[in-house]
Amino acid sequence: MMRWVVAGSLALTGCRTASPPVNLDAPPAHALVISDARIAACPRSPGGVGATFRDTLPGGVSDAVQTQALALLPPAARRTALAAGLEPLIAEVLRARPRAGDPPSVAFLARRQQLDAALAALPPQLLAAEFEAECNIALMQDALAERGRDRDRWTQRYTVASLLVGAASVLVAGIWDLMGTTSSGPVVAGRVGAVATTGLGLATLAPPGRPIVFRHTPNLLAPVARGEDPDRLYPTFVFRLLTLPTATGAPTPRAQLLDAWREDLARDVPDDRRARVEALLWSAGGVYDDDTLTLRRRLYDTLESTLDAFARDVDLLNATLARLLRHDAAGGA
């Protein structure tokens, strides 16, 4: 009789891996679908070629005089200026400040205001990318929490059923025994109850795997993984911060992200599944299980932390320029 219990438990645990493919355009009624409307609300700076902050930005300066002016900037601040396409404008303003006069000329003030406006636009671009990452993290956390509630409901249901069946079998066996019969009824009732209780107990360990349908467009992971952003999902400035070489020769932020992601994949995904999981992570969406969605959330956590770290470099650029362009500093130059 025990072999039937084992067979039943294998059937229960096997049903999660034998489920048929899910049609993303018409998911089954029992699927947990991450709402397209909530996904669409995540981007605070909509992407696309020609969209705001998605223009092609100027490169660095090559003129020796301009390069000398930019040497006043710390390496991290200069890298931020290069990513923002501001090296030519900053070099022009720094060179013009000693000749601006007191009070400064209208032409100088106009260029200074242009620089101030460009600098003021940098933090919102970072915040927009961070918000989108954090919003996606929240969507995945909500889905995983709902799956946790699924498991809790399943466990409670079968735990109660196991207790009721066990109590009923004991009661039947007891009544049968009190009747004073010499039959094997009490023994049979006890065994049937034990088998049923064991089966229900095993069922609590194998909650059904409701598929999680997640159509993640846009997908902020894909440009980082591929090293290019043809769809301009990121503001140009932000993606250049991710990919430009560092002044110290250290790996780029993108390279560091990829190293961290590879470690997560190697630790959590078996070799025979890694190609399929990576294809899903970098795609426009698909069907997730709990473990793969948890992995995706961790990748977004790392991305969000990287974006947040860029804010320090923007602050450094602003603070350095504010010091260099103060009136008293210029007067002493």
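Guide: Here are a few questions and answers on this predicted model.

Visitor: How many disulfides does the structure hold?

Guide: Cys42 and Cys135 pair up, with their sulfur atoms 2.0 Å apart. A pair counts when the sulfurs are within 2.5 Å. The total for the structure is 1 disulfide.

Visitor: Is the disulfide of Cys42 and Cys135 left-handed or right-handed, and why?

Guide: Look at the torsion about the S-S bond, which is about -70°. That value is why the disulfide of Cys42 and Cys135 is left-handed.

Visitor: How many residues apart are Cys42 and Cys135?

Guide: Cys42 sits in the loop between helix H2 (36-40) and helix H3 (64-70). Cys135 belongs to helix H7, residues 122-178. The pair links distant parts of the chain, and the separation is 93 residues.

Visitor: Are Cys42 and Cys135 buried or exposed?

Guide: The cut-off for buried is under 20% relative accessible area. Cys42 falls in that class and so does Cys135, making both buried.

Visitor: Now the helices. Are H4 and H10 parallel, perpendicular or oblique to each other?

Guide: The axes of H4 (residues 75-83) and H10 (residues 236-243) come within 8 Å and cross at roughly 135°. The crossing is right-handed. Antiparallel would take an angle over 145 degrees, so H4 and H10 are oblique.

Visitor: Which residues of H10 does H4 meet?

Guide: From the H4 side come Arg79, Thr80, Leu82 and Ala83. By class, the contact has 5 nonpolar, 2 polar and 2 charged residues. The H10 partners are Phe237, Arg240, Leu241, Leu242 and Thr243.

Definitions and conventions:
Residues numbered from 1 in each chain as written. Predicted model: local features only at pLDDT ≥ 70, side-chain atom pairs only at ≥ 80, totals over all residues. Heavy atoms only, no water. Helix = DSSP H or I, 4+ residues; strand = E, 2+ residues; numbered from the N terminus. Buried < 20%, exposed > 50% of the residue type's maximum accessible area, 1.4 Å probe, protein only. Axes fitted to C-alpha atoms, helices over the stretch in contact; angles between N-to-C directions. Parallel < 35°, antiparallel > 145°, perpendicular 65-115°, else oblique. Left-handed = near helix turned anticlockwise from the far one by under 90°. Contact = heavy atoms within 4.5 Å. Nonpolar A, V, L, I, M, F, W, Y, C, P; charged D, E, K, R; others polar.
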